[in-house]
Amino acid sequence: MTPHFPHTDTPSAELSGVSVAYPKSPAVLDGLDWSLKPGQVVGLLGRNGAGKTTLLETLLGLREPDAGHVQLFGQDALTLDDATRARIGYVPQHSDLFEGFTPAQLLAYFKSFYPRWNEAKVEGLMSRWDIRPDQPIRKLSGGQKQRLSIIRALAHEPDLLVLDEPVASLDPAGRRDFLRELVGQVLDRGATVVFSTHILSDLERVAFNIAFLSQGRIALQAPLDELLDQVRAFTGSVTEMAALMGRLGAEPLKRTPLEAGRERVLARLPAQAALPAGVAGERVNLDDLFTELT
Ligand code: ADP
(Lines give C-alpha, C1' and ligand atoms only; values in the text may rest on other atoms or scores of the structure.)
Protein backbone atom coordinates (compact mmCIF):
# COMPACT_ATOMS: atom_id res chain seq x y z
CA MET A 1 0.00 0.00 0.00
CA THR A 2 1.35 3.44 -0.86
CA PRO A 3 1.48 5.65 2.20
CA HIS A 4 -0.75 8.66 1.93
CA PHE A 5 0.86 11.90 2.98
CA PRO A 6 -1.13 15.11 3.07
CA HIS A 7 -0.22 17.33 0.12
CA THR A 8 0.37 20.39 2.19
CA ASP A 9 3.08 22.21 4.05
CA THR A 10 0.61 23.63 6.54
CA PRO A 11 1.86 22.67 10.00
CA SER A 12 -0.47 20.40 11.94
CA ALA A 13 0.11 22.65 14.92
CA GLU A 14 1.83 26.00 15.16
CA LEU A 15 2.34 27.92 18.39
CA SER A 16 3.75 31.43 18.40
CA GLY A 17 4.70 33.50 21.42
CA VAL A 18 2.51 31.40 23.70
CA SER A 19 2.50 32.31 27.40
CA VAL A 20 0.46 30.70 30.15
CA ALA A 21 0.62 31.52 33.85
CA TYR A 22 -1.47 30.18 36.71
CA PRO A 23 -2.56 32.58 39.45
CA LYS A 24 0.15 33.38 41.98
CA SER A 25 2.90 31.51 40.14
CA PRO A 26 5.52 32.37 37.53
CA ALA A 27 4.73 31.73 33.86
CA VAL A 28 4.63 28.03 32.96
CA LEU A 29 4.89 28.76 29.25
CA ASP A 30 6.81 31.89 28.41
CA GLY A 31 6.76 33.10 24.81
CA LEU A 32 6.92 29.57 23.42
CA ASP A 33 7.24 28.91 19.68
CA TRP A 34 6.69 25.43 18.30
CA SER A 35 5.75 23.92 14.98
CA LEU A 36 4.69 20.33 14.29
CA LYS A 37 4.70 19.12 10.71
CA PRO A 38 2.77 16.32 9.00
CA GLY A 39 4.65 13.04 9.37
CA GLN A 40 6.55 14.09 12.49
CA VAL A 41 6.66 11.95 15.60
CA VAL A 42 7.74 14.11 18.50
CA GLY A 43 8.53 13.08 22.05
CA LEU A 44 8.04 16.04 24.36
CA LEU A 45 10.52 15.75 27.16
CA GLY A 46 10.57 17.79 30.35
CA ARG A 47 10.91 17.38 34.07
CA ASN A 48 7.88 16.91 36.29
CA GLY A 49 6.12 20.25 36.54
CA ALA A 50 7.91 21.71 33.50
CA GLY A 51 4.54 22.41 31.86
CA LYS A 52 4.06 19.49 29.44
CA THR A 53 0.36 19.03 30.24
CA THR A 54 -0.21 22.78 30.13
CA LEU A 55 1.53 22.94 26.75
CA LEU A 56 -0.47 20.05 25.25
CA GLU A 57 -3.78 21.47 26.52
CA THR A 58 -2.90 24.88 25.09
CA LEU A 59 -1.84 23.31 21.80
CA LEU A 60 -5.23 21.61 21.54
CA GLY A 61 -7.16 24.82 22.19
CA LEU A 62 -8.45 23.50 25.53
CA ARG A 63 -6.72 26.28 27.39
CA GLU A 64 -6.59 29.87 26.22
CA PRO A 65 -3.07 31.31 26.41
CA ASP A 66 -2.49 34.62 28.19
CA ALA A 67 -0.47 35.70 25.17
CA GLY A 68 0.34 34.31 21.74
CA HIS A 69 -1.53 32.20 19.20
CA VAL A 70 -2.13 28.55 18.41
CA GLN A 71 -3.15 27.29 15.01
CA LEU A 72 -4.19 23.74 14.16
CA PHE A 73 -4.17 22.90 10.46
CA GLY A 74 -4.11 26.63 9.78
CA GLN A 75 -7.14 27.44 11.96
CA ASP A 76 -7.29 29.25 15.27
CA ALA A 77 -7.22 26.48 17.89
CA LEU A 78 -9.86 28.24 20.00
CA THR A 79 -12.47 28.33 17.23
CA LEU A 80 -11.98 25.11 15.25
CA ASP A 81 -14.71 23.98 12.92
CA ASP A 82 -16.12 20.46 13.29
CA ALA A 83 -14.25 19.04 10.30
CA THR A 84 -10.90 20.17 11.69
CA ARG A 85 -11.78 19.04 15.20
CA ALA A 86 -12.45 15.57 13.78
CA ARG A 87 -8.84 15.46 12.53
CA ILE A 88 -7.51 15.54 16.09
CA GLY A 89 -7.11 12.73 18.60
CA TYR A 90 -6.24 13.37 22.23
CA VAL A 91 -5.42 11.00 25.05
CA PRO A 92 -5.26 13.02 28.29
CA GLN A 93 -3.13 11.90 31.18
CA HIS A 94 -6.22 10.93 33.18
CA SER A 95 -9.04 9.87 30.92
CA ASP A 96 -12.52 9.96 32.34
CA LEU A 97 -13.98 6.90 30.71
CA PHE A 98 -17.57 6.10 31.57
CA GLU A 99 -16.97 3.45 34.21
CA GLY A 100 -20.45 1.91 33.96
CA PHE A 101 -20.18 1.38 30.19
CA THR A 102 -18.51 -1.57 28.56
CA PRO A 103 -15.71 -0.82 26.07
CA ALA A 104 -18.09 -1.77 23.23
CA GLN A 105 -20.69 0.75 24.45
CA LEU A 106 -18.08 3.45 24.94
CA LEU A 107 -16.70 3.01 21.43
CA ALA A 108 -20.20 2.95 19.89
CA TYR A 109 -20.93 6.23 21.65
CA PHE A 110 -17.79 7.94 20.35
CA LYS A 111 -18.29 6.53 16.88
CA SER A 112 -21.48 8.58 16.57
CA PHE A 113 -19.43 11.81 16.71
CA TYR A 114 -17.05 11.09 13.87
CA PRO A 115 -17.61 10.90 10.12
CA ARG A 116 -14.64 8.54 9.81
CA TRP A 117 -14.26 5.48 12.05
CA ASN A 118 -12.06 2.47 11.39
CA GLU A 119 -13.98 -0.45 12.87
CA ALA A 120 -11.46 -3.04 11.67
CA LYS A 121 -8.65 -1.19 13.41
CA VAL A 122 -10.68 -0.94 16.61
CA GLU A 123 -11.42 -4.66 16.63
CA GLY A 124 -7.83 -5.56 15.81
CA LEU A 125 -6.42 -3.41 18.61
CA MET A 126 -9.01 -4.58 21.14
CA SER A 127 -7.92 -8.13 20.63
CA ARG A 128 -4.20 -7.40 20.33
CA TRP A 129 -4.15 -5.21 23.42
CA ASP A 130 -6.27 -7.68 25.31
CA ILE A 131 -9.37 -5.70 26.18
CA ARG A 132 -12.65 -7.55 26.49
CA PRO A 133 -15.40 -5.52 24.82
CA ASP A 134 -18.20 -6.67 27.10
CA GLN A 135 -16.79 -6.21 30.58
CA PRO A 136 -17.62 -3.02 32.57
CA ILE A 137 -14.86 -0.45 32.22
CA ARG A 138 -14.57 -0.12 36.01
CA LYS A 139 -13.25 -3.70 36.10
CA LEU A 140 -10.37 -2.96 33.73
CA SER A 141 -6.86 -2.41 35.08
CA GLY A 142 -5.25 1.03 34.86
CA GLY A 143 -3.17 -0.08 31.89
CA GLN A 144 -6.19 -1.53 30.07
CA LYS A 145 -8.13 1.70 30.61
CA GLN A 146 -5.23 3.65 29.17
CA ARG A 147 -5.12 1.37 26.14
CA LEU A 148 -8.86 1.69 25.65
CA SER A 149 -8.52 5.45 25.78
CA ILE A 150 -5.83 5.22 23.09
CA ILE A 151 -7.99 2.98 20.89
CA ARG A 152 -10.77 5.54 21.21
CA ALA A 153 -8.37 8.27 20.05
CA LEU A 154 -7.00 6.21 17.13
CA ALA A 155 -10.35 4.96 15.82
CA HIS A 156 -11.23 8.05 13.79
CA GLU A 157 -7.74 8.06 12.24
CA PRO A 158 -6.65 11.50 13.41
CA ASP A 159 -4.11 13.52 11.45
CA LEU A 160 -2.82 14.94 14.73
CA LEU A 161 -2.58 12.62 17.71
CA VAL A 162 -1.65 14.12 21.07
CA LEU A 163 -0.91 11.84 24.00
CA ASP A 164 -0.08 13.04 27.50
CA GLU A 165 2.13 10.44 29.23
CA PRO A 166 0.46 7.65 27.24
CA VAL A 167 2.32 4.82 28.91
CA ALA A 168 2.24 6.05 32.50
CA SER A 169 0.07 3.14 33.66
CA LEU A 170 1.97 0.46 31.79
CA ASP A 171 4.76 -1.59 33.29
CA PRO A 172 8.29 -0.52 32.33
CA ALA A 173 9.00 -3.65 30.31
CA GLY A 174 6.17 -3.06 27.90
CA ARG A 175 6.33 0.72 27.62
CA ARG A 176 8.66 1.18 24.71
CA ASP A 177 7.32 -1.68 22.60
CA PHE A 178 3.83 -0.44 23.15
CA LEU A 179 4.81 3.09 22.14
CA ARG A 180 6.46 1.80 19.00
CA GLU A 181 3.34 -0.02 18.02
CA LEU A 182 1.24 3.00 18.81
CA VAL A 183 3.36 5.24 16.66
CA GLY A 184 3.29 2.65 13.87
CA GLN A 185 -0.49 2.86 13.90
CA VAL A 186 -0.44 6.44 12.70
CA LEU A 187 2.79 6.84 10.80
CA ASP A 188 1.72 5.19 7.58
CA ARG A 189 -0.85 7.94 7.09
CA GLY A 190 1.67 10.77 7.44
CA ALA A 191 -0.02 11.91 10.65
CA THR A 192 1.65 13.98 13.35
CA VAL A 193 2.12 12.34 16.73
CA VAL A 194 3.22 14.12 19.85
CA PHE A 195 3.54 12.43 23.21
CA SER A 196 4.91 13.70 26.48
CA THR A 197 7.12 11.75 28.81
CA HIS A 198 9.69 12.28 31.50
CA ILE A 199 11.14 8.82 31.00
CA LEU A 200 14.09 8.84 28.65
CA SER A 201 14.03 5.19 27.71
CA ASP A 202 10.55 5.67 26.26
CA LEU A 203 12.05 7.77 23.50
CA GLU A 204 14.77 5.53 22.22
CA ARG A 205 13.76 3.94 18.94
CA VAL A 206 10.30 5.51 19.20
CA ALA A 207 10.42 9.28 18.92
CA PHE A 208 12.08 10.37 15.72
CA ASN A 209 12.13 13.91 17.04
CA ILE A 210 12.70 15.09 20.54
CA ALA A 211 11.55 18.43 21.90
CA PHE A 212 12.93 19.63 25.22
CA LEU A 213 10.60 21.83 27.29
CA SER A 214 12.54 24.01 29.67
CA GLN A 215 11.77 27.34 31.35
CA GLY A 216 8.58 27.77 29.41
CA ARG A 217 10.05 27.26 25.97
CA ILE A 218 11.05 24.54 23.54
CA ALA A 219 14.77 24.65 24.18
CA LEU A 220 15.61 22.38 21.25
CA GLN A 221 13.86 20.10 18.81
CA ALA A 222 15.65 17.74 16.49
CA PRO A 223 15.70 14.12 15.37
CA LEU A 224 17.15 11.99 18.15
CA ASP A 225 19.79 10.30 16.00
CA GLU A 226 21.00 13.66 14.69
CA LEU A 227 21.29 15.01 18.20
CA LEU A 228 23.34 12.08 19.39
CA ASP A 229 25.52 12.44 16.32
CA GLN A 230 25.95 16.22 16.33
CA VAL A 231 26.01 17.34 19.93
CA ARG A 232 29.43 17.57 21.63
CA ALA A 233 30.74 19.03 24.86
CA PHE A 234 33.85 21.23 24.75
CA THR A 235 35.87 22.75 27.58
CA GLY A 236 38.27 25.70 27.47
CA SER A 237 38.63 29.39 28.21
CA VAL A 238 35.72 31.64 27.29
CA THR A 239 37.75 33.21 24.48
CA GLU A 240 38.85 29.85 23.10
CA MET A 241 35.29 28.61 23.17
CA ALA A 242 33.93 31.64 21.32
CA ALA A 243 36.60 31.19 18.64
CA LEU A 244 35.94 27.47 18.39
CA MET A 245 32.20 27.92 17.97
CA GLY A 246 32.84 30.37 15.14
CA ARG A 247 35.36 28.07 13.49
CA LEU A 248 33.05 25.05 13.69
CA GLY A 249 29.91 26.97 12.79
CA ALA A 250 28.42 25.29 15.85
CA GLU A 251 25.32 26.34 17.74
CA PRO A 252 25.99 26.61 21.51
CA LEU A 253 23.12 24.99 23.42
CA LYS A 254 24.29 25.44 27.00
CA ARG A 255 27.26 27.20 28.58
CA THR A 256 28.36 26.25 32.07
CA PRO A 257 30.97 28.45 33.78
CA LEU A 258 33.90 26.58 35.36
CA GLU A 259 36.68 27.94 37.56
CA ALA A 260 39.51 30.16 36.28
CA GLY A 261 37.69 31.75 33.34
CA ARG A 262 36.96 28.41 31.72
CA GLU A 263 33.62 27.07 30.57
CA ARG A 264 31.98 23.92 29.32
CA VAL A 265 29.97 24.41 26.17
CA LEU A 266 27.42 21.96 24.88
CA ALA A 267 27.13 22.64 21.18
CA ARG A 268 25.47 21.24 18.11
CA LEU A 269 27.73 20.83 15.11
CA PRO A 270 26.41 21.48 11.62
CA ALA A 271 25.14 18.35 9.84
CA GLN A 272 27.91 16.09 8.55
CA ALA A 273 30.62 18.29 10.07
CA ALA A 274 33.70 16.49 11.34
CA LEU A 275 35.80 17.82 14.16
CA PRO A 276 39.13 19.24 12.96
CA ALA A 277 42.24 17.34 14.08
CA GLY A 278 43.35 18.35 17.56
CA VAL A 279 39.89 19.48 18.71
CA ALA A 280 38.50 17.33 21.47
CA GLY A 281 34.71 17.16 21.77
CA GLU A 282 32.99 14.68 24.02
CA ARG A 283 29.94 12.84 22.77
CA VAL A 284 26.87 13.04 24.97
CA ASN A 285 24.02 10.63 25.52
CA LEU A 286 20.33 11.30 25.97
CA ASP A 287 20.69 11.38 29.75
CA ASP A 288 23.28 14.15 29.51
CA LEU A 289 21.11 16.11 27.09
CA PHE A 290 18.12 15.81 29.37
CA THR A 291 20.10 16.92 32.40
CA GLU A 292 21.66 19.85 30.62
CA LEU A 293 18.69 21.06 28.61
CA THR A 294 15.75 20.66 30.95
P1 ADP B 1 4.07 18.63 33.63
O2 ADP B 1 2.97 18.05 32.79
O3 ADP B 1 5.34 18.89 32.87
O4 ADP B 1 4.35 17.83 34.88
P5 ADP B 1 2.12 20.70 34.27
O6 ADP B 1 1.73 21.41 33.01
O7 ADP B 1 1.17 19.69 34.80
O8 ADP B 1 3.60 20.09 34.12
O9 ADP B 1 2.35 21.80 35.40
C10 ADP B 1 3.25 22.89 35.23
C11 ADP B 1 3.25 23.78 36.46
O12 ADP B 1 2.00 24.46 36.58
C13 ADP B 1 3.42 23.02 37.77
O14 ADP B 1 4.21 23.82 38.62
C15 ADP B 1 2.02 22.90 38.30
O16 ADP B 1 2.03 22.86 39.70
C17 ADP B 1 1.36 24.16 37.80
N18 ADP B 1 -0.08 23.95 37.52
C19 ADP B 1 -0.61 23.06 36.67
N20 ADP B 1 -1.94 23.15 36.62
C21 ADP B 1 -2.29 24.15 37.47
C22 ADP B 1 -3.52 24.76 37.88
N23 ADP B 1 -4.68 24.34 37.35
N24 ADP B 1 -3.47 25.76 38.77
C25 ADP B 1 -2.29 26.21 39.29
N26 ADP B 1 -1.09 25.69 38.94
C27 ADP B 1 -1.08 24.68 38.05
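**Salt bridges, a sheet and a buried aspartate**

The count comes to 13 salt bridges. Keep in mind that this is a predicted model. I'll take three of those bridges, then a sheet, then one aspartate.

Start with Asp 159 and Arg 189. They form a salt bridge, and the closest N and O atoms are 3.9 Å apart. The pair links distant parts of the chain, 30 residues apart. Asp 159 sits in the loop between helix 5 (142–154) and strand 7 (160–164). Arg 189 sits in the loop between helix 6 (172–187) and strand 8. Are they buried or exposed? Asp 159 has a relative accessible area of 16%, so Asp 159 is buried. Arg 189 is buried as well, with a relative accessible area of 16%. There is also a network here: salt bridges link Arg 87, Asp 159 and Arg 189.

Next pair: Glu 226 and Arg 268. Their salt bridge has its closest N and O atoms 3.3 Å apart. Again, distant parts of the chain are linked, 42 residues apart. Glu 226 belongs to helix 7 (residues 224–230), and Arg 268 to strand 13 (residues 262–268). Glu 226 is partly exposed, at 33% relative accessible area. Arg 268 is buried, at 16%.

Arg 255 is exposed, with a relative accessible area of 51%. Glu 263 is buried, with 6%.

Four strands form an open sheet, in the order 2-1-4-5, with antiparallel pairing. Which strands stand at the edges? Strand 2 (27–36) and strand 5 (75–76) do. Each has a single partner strand, so one side of each is left without a neighbour in the sheet. Look at strand 5. Strand 4 (residues 67–72) pairs with strand 5 in the antiparallel sense, over two bridges. Gln 71 stands opposite Asp 76 in strand 5. Helix 1 (residues 52–59) lies across strand 1 (13–21), strand 2 and strand 4. The helix runs at about 55° to strand 2.

Last stop: Asp 202. Find this residue in the loop between strand 8 (192–197) and strand 9 (209–214). Its relative accessibility is 2%, so Asp 202 counts as buried. What does Asp 202 touch, not counting residues up to four places away in sequence? The list is Val 167, Arg 175, Arg 176, Leu 179 and Thr 197. With Thr 197 there is a side-chain polar contact of 2.9 Å.

Key. Residues numbered from 1 in each chain as written. Predicted model: local features only at pLDDT ≥ 70, side-chain atom pairs only at ≥ 80, totals over all residues. Heavy atoms only, no water. Buried < 20%, exposed > 50% of the residue type's maximum accessible area, 1.4 Å probe, protein only. Polar contact = N/O pair within 3.5 Å; in protein donor to acceptor, adjacent residues only side chain to side chain. Contact = heavy atoms within 4.5 Å. Pairing = 2+ DSSP bridges. Axes fitted to C-alpha atoms, helices over the stretch in contact; angles between N-to-C directions. Salt bridge = Lys/Arg side-chain N within 4 Å of Asp/Glu carboxyl O.
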